Amino acid sequence: MDISCAFATSSDTPSQVQLAETLGYKRAWLYDSPALYPDVWMILNRCAERTSRIGLGPGVLVPSLRHPMVNAAAIAELASQAPGRVAVAIGSGFTGRMALGQRPMPWRKVADYVRCLRDLLAGETAEWEGAKIRMLQLPGFGAPRPITVPILIGADGPKGLAVAAELGDGIFSAAVPQPDAAKISDWRALLCFGTVLDEGEDLTSPRAIDAAGPGAVVMYHAVYERGGAAAVDALPGGQSWREAIEAYPTDERHLAIHTGHLVKANASDEPHVAGLVPMVSSMALTGPAEEIPEKIAGLAARDVTEIVYQPAGSDIERELKAFASAAGLGG
């Protein structure tokens with residue numbers, strides 16, 4: 001089992017990735033959601049400058065945010081700065097699109113994008129929007145082609161898994177392992193949330209809520225966006241949360257839902273965090289240090305090959321250190 005980390009991309013992420021490298025994390029995945037975070041490629045390049053071993057990559061890229069040539073050029077530069085360390089995950093878009101008021105992309109369009117990106121990185125002529133395109137960078141302007149980087153597919157359902165089976169080098173899922181993933185790929189990464197509790201600490205302590213809250217309340221966001229009112233009302237505090245969200249104008253509701261996504265509980269989330277954290281803790285990597293190895297083993301038994309732990313809250317360094325220690329990383 002590989003133990004990696006993920007970050008809600010920020011200006012502080014390069015120093016946090018540098019720490020993660022010293023702690024022994026395998027990779028650092030950075031979120032691509034420009035309405036919420038700084039540009040993922042700018043921050044990844046800064047991470048490359050401050051590290052020498054840890055794997056680096058965006059997780060997950062949203063195709064509609066950039067022309068495939070833009071991502072190909074960015075991959076080429078990162079690969080030249082961090083040779084052998086780059087991997088890329090691509091999906092249909094959750095917050096990266098929803099925070100812009102858009103639904104996730106159709107998977108057929110994601111597949112077309114991945115095919116085009118692969119052709120470009122191979123140094124071949126591709127076609128996009130009716131035009132032939134090819135990477136024309138001369139030596140010194142990006143890694144020479146062919147550029148070989150693993151491409152994982154951010155799949156949380158059968159359509160995404162089908163694209164992963166055809167085009168992916170691995171599967172990048174969030175929170176819940178995909179039962180059929182083992183039939184498709186040997187590389188099965190799972191994004192996980194939670195916090196390692198201090199000795200004698202309760203799940204509802206202010207520190208635990210600060211650290212585990214951002215990952216817990218995203219359940220409201222995801223369930224409401226994907227399942228609607230009835231689904232979110234079934235969660236603890238869900239109806240009250242929904243009513244607060246629906247007080248916003250329809251054309252601004254997505255802004256209220258996704259503010260603070262995986263960074264800090266927003267104004268609609270905050271009244272319900274203390275009730276939600278205990279409920280989701282059984283599914284999260286939350287608990288005393290001695291329970292974390294058992295939780296990791298449970299995910300391994302469900303065919304996960306890479307844990308991708310996202311630290312959150314006011315003290316990211318503390319979260320990285322505590323999880324690395326509990327998971328038995330050697331540094």
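Residues are numbered from 1 along each chain as its sequence is written, and side-chain values use heavy atoms, with hydrogens and water left out. Because the model is predicted, local features need pLDDT of at least 70 and side-chain atom pairs count only at pLDDT 80 or more, whereas totals for chains, interfaces and linings use all residues.

The largest cavity has a volume of about 60 Å³, where a volume is the space filled by probe spheres set on the grid points, which are joined across faces, edges and corners. Its lining, made of residues that have an atom within 4 Å of a point, includes Ile171, Ser173, Pro177, Gln178 and Arg302. Strands β8 (170-174) and β9 (188-192) each supply at least two residues of this lining, and β9 gives the largest share, 3 residues; strands are DSSP runs of E with at least two residues, helices are runs of H or I with at least four, and both are numbered from the N terminus. By class, the lining of the largest cavity has 6 nonpolar, 2 polar and 3 charged residues, with Ala, Val, Leu, Ile, Met, Phe, Trp, Tyr, Cys and Pro counted as nonpolar, Asp, Glu, Lys and Arg as charged, and the others, Gly among them, as polar.

The structure also holds 6 aromatic pairs, that is, rings of Phe, Tyr and Trp (its six-membered ring) whose centres lie within 6.5 Å, with planes under 30 degrees apart counted as stacked, over 60 as edge-to-face and the rest as tilted. The pair of tyrosine 220 and tryptophan 241 is stacked, because the ring centres are 5.1 Å apart and the planes stand at 20°. Since tyrosine 220 lies in helix α7 (residues 206-233) and tryptophan 241 in helix α8 (residues 238-245), this pair ties together parts that are 21 residues apart in sequence. Tyrosine 220 is buried, with a relative accessible area of 0%, where buried means under 20%, exposed over 50% and partly exposed in between (1.4 Å probe, protein chains only); tryptophan 241 is likewise buried, at 0%. The rings of tyrosine 224 and tryptophan 241 have their centres 5.5 Å apart and their planes at 80°, so this pair is edge-to-face. Together, Tyr220, Tyr224 and Trp241 form one aromatic cluster.

Note on methods
On a 1 Å grid over the protein atoms alone, a cavity is a set of points where a 1.4 Å probe fits but cannot get out, and a pocket is an open set with protein on both sides within 12 Å along at least five of seven lines; lining residues have an atom within 4 Å of a point.
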